[in-house]
Amino acid sequence: MSDKTGSVTTENTTSALSHLAFCALAALALARQEGVAGTPVADNLFLIRWLATAQKQKRFPKSVATDIRWLLEQGRRHGPAGRLHRHLEYIWRSCRGNLADQSDLFRLTYATETLKDQGWDNYVMDSREWAAGGTPVPSQHNGFWVEKAALSAAFSHDGHHLHPVPFRIVGDAAQFIHVMSEYGLRPGLPASTSDCHTIVLNPAEVPPQPDALQPR
């Protein structure tokens, strides 16, 4: 199993990704100061135009061409909901150093984004929905759900993982465990029913169970 808490890519690609994200975020900050951006819609439009220009003018190495295309697709397909600004912040922060140095909550957010990029549905339930025990049917094959109150209570204000938090999984539980483990998180063994799997993410004080499912 690879470990993304080490080097996510080669050193050159990581440096290029960090430079791309920094330049985009700096350009957005200047645009906000000038009044060109500042709302979710305006920020998204500005970043799409900036990335498209960077792509056309080949401002960055070929090693990040795929990343630029993916970012453009997110912004164009999903609009402000594509969260280009947040994606660029994730890239910049993770490329600045070892991902293991980031907070538990940051790494969980990054793992969640990775699963969503792989086609997983994600839904945060309120307490009533969670207690009812129902699990929405994912639009494709895989989905994961968590109770909002439990997720909020599980992390400190600085992102430190304090308490176990359960996730309900529909689909490939092994893949969920694999991705969470890649980002230095600690999933336990799945408890399965006919409707879904339940996988608990444990804080560091609660060791993960050693026989967690291996990826297919």
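In which sense, left-handed or right-handed, does helix 2 pass helix 3 in their crossing? The model examined here is predicted, so that local features are reported at a pLDDT of at least 70 and side-chain atom pairs at pLDDT 80 or more, while totals for chains, interfaces and linings use all residues. Residues are numbered from 1 along each chain as its sequence is written, and side-chain values use heavy atoms, with hydrogens and water left out.

The protein contains eight helices and five strands, where helices (H or I, at least four residues) and strands (E, at least two) are DSSP runs numbered from the N terminus. Along the sequence, these elements follow the pattern α-α-α-α-α-β-α-β-α-β-α-β-β. Of the 216 residues in the protein, 42% are buried, a class defined by a relative accessible area under 20%, with exposed standing for over 50% and partly exposed for values in between (1.4 Å probe, protein chains only). Among the contacts with a separation of 6 or more, 56% come from residues 24 or more positions apart, contact being taken as heavy atoms within 4.5 Å.

Helix 2 (40–57) passes helix 3 in a left-handed crossing, the term applying if the near helix is turned anticlockwise from the far one by less than a right angle, and right-handed if clockwise. The two axes lie 10 Å apart and the helices pack at an angle of about 150°; axes are lines fitted to C-alpha atoms, for helices over the stretch in contact, and angles run from 0 to 180 degrees between N-to-C directions. Helix 2 and helix 3 are therefore roughly antiparallel to each other, given that angles over 145 degrees count as roughly antiparallel, under 35 as roughly parallel, 65 to 115 as roughly perpendicular and the rest as oblique. Helix 2 contributes Asn44, Ile48, Leu51, Ala52 and Gln55 to the contact, and helix 3 contributes Ile68, Arg69, Leu71, Leu72, Gly75 and Arg76. By class, the contact of helix 2 with helix 3 has six nonpolar, three polar and two charged residues, where Ala, Val, Leu, Ile, Met, Phe, Trp, Tyr, Cys and Pro count as nonpolar, Asp, Glu, Lys and Arg as charged, and the others, Gly among them, as polar.

Leu72, a residue of helix 3, is buried, with a relative accessible area of 2%. Apart from neighbours within four places in sequence, Leu72 is in contact with Ile48, Leu51, Ala52 and Gln55. The C-alpha atoms of Leu72 and Gln55 are 9.6 Å apart in space, and the two residues are 17 residues apart in sequence.

Helix 3 (residues 65–78) also packs against helix 4 (residues 84–95), their axes coming within 10 Å and crossing at roughly 155°. At that angle helix 3 is roughly antiparallel to helix 4. The contact is formed by Trp70, Leu71, Gln74 and Gly75 of helix 3 together with Leu84, His87, Leu88 and Ile91 of helix 4, and its residues comprise five nonpolar, three polar and no charged.

Helix 8 is mostly covered, nine of its ten residues being buried; among them are Phe176, Ile177, His178 and Glu182. The cover over the buried residues of helix 8 includes helix 5, strand 2 (143–147), strand 3 (165–170) and strand 5 (197–201).

A search of the whole structure finds zero disulfides, a disulfide being a pair of cysteine sulfur atoms within 2.5 Å. Cys23 is partly exposed, with a relative accessible area of 23%, whereas Cys196, at 10% relative accessibility, is buried.
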